[in-house]
Amino acid sequence: MKIGKLDLGHKLLVAPMADITDAPFRQICKEYGAGLTFTQMVSAKGIVNNNFDTLRLLVFSREEKPIGVQLLGNDSYYLKKAVNELQNYKPDVIDFNCGCPVSKVTNLRMGAALLNDSAEIGKLVKAMVSEAGDIPVSVKLRLGKDKRHINIIDNALAAQDNGASFITIHARTKTDRYSEDPKWEWISKVKEKVNIPVVANGSVFQSRDAYDLMHEYGSDSVMVARGALGNPFLFRQFNKLMEKNIVEPDPGIEELQAIVIKHVGLLVEEYGEESGVNKSKKHIVWYFKNHSGMDELLDNLFACKSKQQVIELVSDHCFKIQEGIYKIKDPESVRKLFKEKVQFWFNEEAKLN
């Protein structure tokens, strides 16, 4: 997929996720073949007001490029000023969030609350584009407010006609949140109406999901969110599938152990030992979600206080998996729980200032 001077080829995008897409997570995804990552979603007002908690989320290194920043807002003044400020950071894409269904966001008339008003979306996109210079502006959308108010085509055209370089469609409505199956057929319908690239999003958990979205539904690329949690291998598997039509198996336990320990180390480097260890625990659960021994892992993981304790636990856990010590449970039930438990990484209480 080409956006201006940016050529991502066929590589996948990593969605911005609150409390997830920090520098360590982005580095791991890039190493496994993701084409474009995003910082965590940030408030336009927070950027303009120089809020420290907002600005620290925007920090990225030159080695991370290409990288995008996603803005949250509903006021053209703050969005324009924020985009102007982002020029100093030189991201490769600036995305406008019109899809977040979390009540903390929608109660402030932001995110998915904007879906009802195509004209307003167009006005806000136009304001951002006017300040973006040669940085492409994209828009993240859902299908509409609910099943009776699907207006994705109107919103997609509003984004396009006001200068958006591409759109990302989460193929659910606002009220669906994450529980309903995505309606991927809408990707095809939108593609027939717009001239800019369309990126598909929603319940992409396997490389084959992304492959089908591009080959059967016509998306120009695919943005992966929950599917990347504990599974950066998806990006490598997708690239192999696209380039050589090779279906690569899931990684062995040795590779899994190595990447978990590396991720823990990166988090400790980024945040210090106490905070880094605490942040690593949710990632470790996600890495091992498809393996036996989850009950035992949970019993011991949250008592760990140091990097060394975490590494020793992970190493011991991997050894026991290899030796078949853990009682095997139905992995499908664990995957189902993971898909349904969708709010456990979104910080509903996150500051939006």
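## A pair within one helix

By about how many helical turns are D316 and K320 separated in helix α14? About one, because D316 and K320 sit 4 residues apart in that helix, which covers residues 307-323. Helices here are DSSP runs of H or I with at least four residues, and strands are runs of E with at least two, numbered from the N terminus.

D316 and K320 form a salt bridge, with their closest N and O atoms 3.2 Å apart. The term means a side-chain nitrogen of Lys or Arg within 4 Å of a carboxyl oxygen of Asp or Glu. D316 is partly exposed at 32% relative accessibility, and K320 is partly exposed at 27%. (Buried is under 20% relative accessible area, exposed over 50%, and partly exposed in between, using a 1.4 Å probe and protein chains only.)

## About the model

This is a predicted model, where local features need pLDDT of at least 70 and side-chain atom pairs count only at pLDDT 80 or more, while totals for chains, interfaces and linings use all residues. Residues are numbered from 1 along each chain as its sequence is written, and side-chain values use heavy atoms, leaving out hydrogens and water.

## Links across the chain

The count comes to 11 salt bridges. One of them joins K191 and D220, with 2.8 Å between the closest N and O atoms. K191 belongs to helix α8 (residues 185-191), while D220 is in the loop between α9 (207-215) and β11 (221-224), so this pair links distant parts of the chain, 29 residues apart.

Because R236 lies in helix α10 (residues 233-244) and E255 in helix α11 (residues 253-271), the pair ties together parts 19 residues apart in sequence. Both belong to a network of salt bridges that links R236, K240, E248 and E255.
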